[in-house]
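This report describes selected local features of one protein chain.

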Amino acid sequence: MNPIQETRRFESEIRDYFSVRHCFFVSSGRAALTLILKALHQKYPSRDEVIIPAFTCYSVPAAVEKAGLKVSLCDIDQGSLDLNFEHLKKKISKSGKSILAIVPTHLFGFPANVDQVRQLTSGKGISIVEDAAQAMGGSIGDRKLGTLGDAGFFSLGRGKAFSTIEGGIILTNNDEIGKNITKQLAQIHPGSIWETIKAMVYSFILAIFLNPRFFWFPSSLSFLKLGETFYESGFSIKKLTAFQLGLTRTWQEKLKKYNDSRILNCSFWSDFFQKNIADKLFQPVLFFPASKMPGIRYPVQVSEEYMHPILLSSNELGFGISVTYPDAINNINDLTGRFKDETYPMAARMAKQLITLPVHGFVTQKDRAAIKTMIFKIFTERQAQIKENENNRR
Ligand SMILES: *Cc1c(COP(=O)(O)O)cnc(C)c1O
């Protein structure tokens, strides 16, 4: 595998597919975000605040910190999980001159409204960095996610839309940002031969165990400490290795195949909740209508009394239903003191009430039926119990 040839191949495929002028391949999504933010900061040195959703992947504030910038939070909107635009508007009018960038996020692969951020920021010198970490291959009409901001990035990490175990892609049409990132990357030296070998062995092991089939047995993987979310801003920024570049061959066919299954499964869950609500059988706090959306997980908001039995049952039966981020960003232990009197109620609530259902291609019809029966049973039994208690009280 010749890394230079492999890089050229992948670059030209990505540029064509996304119709972008510049793309770069790095060791992770958070490395991608860090490089983009550093490039922007060189362009606008007087601005140092980066607005991110208060409910997002912990790697996002870590990347802001790694770039030497200030994390600023915006609460999310319950219906869409997108930024709360009223809150965002206030932040922009209060501290517009110190805001470097806003990071709209396509959480779980469901499109955020980047155009609305554009409207709020136009003419103000604030850049838009699109967090498309979970949204590779998604689109709004014929506009591809990842190409809607001034720069955007994908994660190629575990459990993302397309994975090389770890990795990140930067996209931009802005020549100044592109030039700056080229410069930053030129200063990164390839690791020693031992580091390369170590990285390869690690990738091989993960590649075997992280076959999506194994997602059904998350408990058997606990030795790998997967799925745990922790805050870590000491990560390294490297290029994608030759081995990882090799894993991207035929990415277009694979991504399409994965996303086709995701679209089907997301619609399936969406229809399931919609139908039960319509028939007045049960109602989660909120579900997300999804048609033609290749989400990488399907989010449902449920109150705690349902959440725990569902997760317990899923763990027992190996259904792969999971919680999302453990808390709002302002409550991360390593960041305490930074957001003293600030509260982000919706972000905090989602951390407690959001579960996600699996949508990858290994979810069979039988699995879906079993998950449906389990959720239905938990909701209806609990509701019957509540009714009975009420009757007894009368
Ligand atoms: C995974 C993820 C990232 C970070 O990507 P890594 O490759 O894990 O560094 C950033 N934002 C979101 C929304 C993510 O899901």
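Leu 69 is buried, with a relative accessible area of 8%. The model is a predicted one. Leu 69 sits in the loop that links H3 and E3. Its contacts, apart from neighbours within four places in sequence, are Leu 37, His 41, Arg 47, Asp 48, Val 50, Val 64 and Leu 100.

Leu 69 and Lys 38 are separated by 31 residues in sequence, while their C-alpha atoms are 8.6 Å apart in space.

## Strands E2 and E3

Strand E3 covers residues 70-74, and four of these five residues are buried, so the strand is largely enclosed by the rest of the structure. Strand E2 (residues 49-53) runs parallel to E3, and five bridges join the two. In one of the pairings, Glu 49 has Lys 70 of E3 as its bridge partner. Between E2 and E3 the chain passes through helix H3 (residues 59-66), in a β-α-β crossover that is right-handed.

## Two residues with positive phi

Most residues other than glycine have a negative phi. Leu 81 is not a glycine, yet its phi is positive, at about 65°. Leu 81 belongs to the loop between E3 and helix H4 (85-95). With a relative accessibility of 7%, under the 20% cut-off, Leu 81 counts as buried.

Ile 165 also is not a glycine and has a positive phi, of about 75°. This residue is placed in the loop between strand E8 (151-155) and strand E9 (168-172). Ile 165 counts as buried, at 9% relative accessibility.

Thr 121 is part of helix H5, which spans residues 114-121. The relative accessibility of Thr 121 is 3%, and the residue therefore counts as buried. When neighbours within four places in sequence are set aside, Thr 121 is in contact with Ile 92, Ile 102, Ile 126 and Ile 128.

Ser 270 is located in helix H9 (residues 251-278). Ser 270 is buried as well, with a relative accessible area of 2%. Not counting residues up to four places away in sequence, Ser 270 touches Phe 287, Phe 288, Pro 289, Ala 290 and Tyr 298.

## The four-stranded sheet

An open sheet is built from four strands in the order E10-E11-E13-E12, with antiparallel pairing. Strand E10 (286-287) and strand E12 (322-323) are the edge strands, each pairing on one side only. E12 is joined by two bridges to strand E13 (residues 354-358), and these strands run antiparallel. The bridge partner of Val 323 in E13 is Ile 355.

## A nonpolar surface patch

Which residues form a nonpolar patch on the surface? They are Ile 193, Trp 194, Ile 197, Val 201 and Ile 205, and together they have about 520 Å² of accessible area. Ile 205 is in helix H7, which runs over residues 193-209. The relative accessible area of Ile 205 is 40%, and the residue is therefore classed as partly exposed.

Note on methods
Residues numbered from 1 in each chain as written. Predicted model: local features only at pLDDT ≥ 70, side-chain atom pairs only at ≥ 80, totals over all residues. Heavy atoms only, no water. Patch = residues over 30% accessible without salt bridge, like charges linked within 9 Å, V, L, I, M, F, W, Y side chains within 5 Å. Areas by Shrake-Rupley, 256 points an atom, 1.4 Å probe, with all protein chains shown as cover. Salt bridge = Lys/Arg side-chain N within 4 Å of Asp/Glu carboxyl O. Buried < 20%, exposed > 50% of the residue type's maximum accessible area, 1.4 Å probe, protein only. Pairing = 2+ DSSP bridges. Right-handed = clockwise from strand over helix to strand, strands pointing away. Contact = heavy atoms within 4.5 Å.
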